[in-house]
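Dear colleague,

I am handing over the structure that we spoke about, and below it you will find my notes on what was found there. Please read them slowly with the structure open beside you.

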Amino acid sequence: YYSLEYPAVDGGWTDWSSWGDCSASCGAGKKSKYRACTAPVQAGLGKHCEGQPINQETCNDNACHGKIKTRYL
């Protein structure tokens, strides 16, 4: 019988990704960027990363212009 000892490694965030495309061309969309808790990966009794893996901002919040299609019921 023997026991293995695992070193405690605190998780660390990777750098943020680039901002993704905006979800709308006008009228307020959202864009996102991501990071992962893999630099290094948490191991043993180490701490998990604190904070969020995703960051979002509004984008293209200008008013939409052009013809509005109407549908008659």
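C49 is buried, with a relative accessible area of 17%, where buried means under 20% relative accessible area, exposed means over 50%, and partly exposed lies in between (1.4 Å probe, protein chains only). Please keep in mind that this is a predicted model, in which local features need pLDDT of at least 70 and side-chain atom pairs count only at pLDDT 80 or more, while totals for chains, interfaces and linings use all residues. Residues are numbered from 1 along each chain as its sequence is written, and side-chain values use heavy atoms, with hydrogens and water left out.

C49 is joined to C37 by a disulfide, with 2.0 Å from S to S; a disulfide here is a pair of cysteine sulfur atoms within 2.5 Å. The link of C37 and C49 is right-handed, with 85° about the S-S bond. Both C37 and C49 sit in the loop between β1 and β2, 12 residues apart, and C37 counts as partly exposed at 24% relative accessibility. Strands such as these are DSSP runs (E, at least two residues), as helices are (H or I, at least four residues), and they are numbered from the N terminus.

How many disulfides does a search of the whole structure find? It finds three, and when the bonded cysteines are counted along the chain, the pattern is 1-5, 2-6, 3-4.

Another of these disulfides is formed by C22 and C59, whose sulfur atoms are 2.0 Å apart. The torsion about the S-S bond of C22 and C59 is about 95°, so this disulfide is right-handed. Because C22 lies in the segment before β1 and C59 in strand β2 (residues 54–59), the pair ties together parts that are 37 residues apart in sequence. C22 is partly exposed, at a relative accessible area of 25%, whereas C59 is buried, at 10%.

A disulfide also joins C26 to C64, again with 2.0 Å from S to S, and the link of C26 and C64 is right-handed, with 110° about the S-S bond. This pair links distant parts of the chain, since C26 is in the segment before β1 and C64 is in the segment after β2, 38 residues apart. C26 counts as partly exposed at 21% relative accessibility, and C64 counts as partly exposed at 47%.

Is S32 buried or exposed? With a relative accessible area of 12%, S32 is buried. Its side chain makes a polar contact with the side chain of Q56 at 3.2 Å, a polar contact being a pair of N or O atoms within 3.5 Å, where within protein one must be able to donate a hydrogen and the other to accept it, and residues adjacent in sequence count only if both atoms are side-chain atoms. Leaving aside its neighbours within four places in sequence, S32 is in contact (heavy atoms within 4.5 Å) with S18, W19, G20, I54, N55 and Q56.

Turning to the protein chain as a whole, its secondary structure comes to zero helices and two strands, and buried residues make up 12% of its 73 residues. Among contacts between residues at least 6 apart in sequence, 66% join residues at least 24 apart.
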